[in-house]
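Let's take a walk through a protein together, from its overall make-up down to a few single residues. Keep the picture in view as you read.

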Amino acid sequence: VFPGPTSPDATCLVFSSSGTTGAPKFMELSHRMIILRMQSNAVEFKDKTGACLFLFPQHSPPSLMRSICALLCGWSLVYSDSPDFWKKAGVTHIFASPPQIREIINAKEFPHKFHKALIGGDNMPDALAQSLLDNFETVVNTFGSTETNIILENQKHLDSDGNIATKTRWFDSQLEIVDDQGMACQPGKTGAVRVKNDFTVN
């Protein structure tokens, strides 16, 4: 019988990063860090209920955290590549990468305009954003990594003139420009970008 965690900072989950920002690596999440990530993700699901769809594999860290959070907030989870089934199941939110959603848009007709597409894993080209806004009321390009959580969103919608309007939102994170020794760079100097928040894996 599992006796329970020894402390909130004890390891609860071990998983591998995707490798999109370098060589894949294993990392540990504590109970405390999982709760903090859930609280951050809950912004998307609290105060309403519905059904969300994931085109990412269920076991991928972004899907896993969001899936658990959605369930805890009373949402239903749907896994399908059929827009007709999305409508039948009452899907309002779709989580996907640019290639995943592009493949479906190019191959299938959408039965109506869905509420929101949340696109992560890569930058979203303007042409894809325009195509998505023909099928979704709001399109969100999310940025983050397995080592942390979603730290930035670019929310896009069509304004009254039919042009794409973008609103940027940060999630409780700080950005630092650091040198090779991990020290903050002086103004005007170049370096690497480091993200700091309460749910970043060391």
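The protein has five helices and 11 strands; helices (H or I, at least four residues) and strands (E, at least two) are DSSP runs, numbered from the N terminus. You're looking at a predicted model, where local features need pLDDT of at least 70 and side-chain atom pairs count only at pLDDT 80 or more, while totals for chains, interfaces and linings use all residues. Residues are numbered from 1 along each chain as its sequence is written, and side-chain values use heavy atoms, with hydrogens and water left out.

How much is tucked away? Of the 202 residues, 40% count as buried. Buried means under 20% relative accessible area, exposed means over 50%, and partly exposed is in between (1.4 Å probe, protein chains only). The accessible surface of the protein comes to about 11600 Å², and carbon and sulfur atoms own 53% of it; such areas come from the Shrake-Rupley method with a 1.4 Å probe, and for residues only the protein chains shown count as cover.

Now go inside. In soluble globular proteins, nonpolar side chains tend to be buried together. A nonpolar core here is a set of buried Ala, Val, Leu, Ile, Met, Phe, Trp, Tyr and Cys residues joined through side-chain atoms within 4.5 Å. The largest one has 22 residues, and Trp-86, Ile-94, Ile-101, Ile-119, Leu-132 and Phe-136 touch the most other members. Elements giving two or more residues to this core include β3 (51–54), β5 (91–96) and α4 (98–107), but α5 gives the most, with four residues. Apart from this core lies another, of 18 residues, among them Leu-29, Ala-42, Phe-54 and Phe-56.

Zoom in on Ile-119. Leaving aside neighbours within four places in sequence, Ile-119 is in contact (heavy atoms within 4.5 Å) with residues including Ala-96, Ile-101, Leu-132 and Val-139.

Beyond neighbours within four places in sequence, Phe-85 is in contact with Val-78 and Ser-80. The C-alpha atoms of Phe-85 and Pro-111 are separated by 9.5 Å, though these residues sit 26 residues apart along the chain.

Last stop: Trp-170, in strand β9 (residues 164–170). Trp-170 is partly exposed too, with a relative accessible area of 44%.
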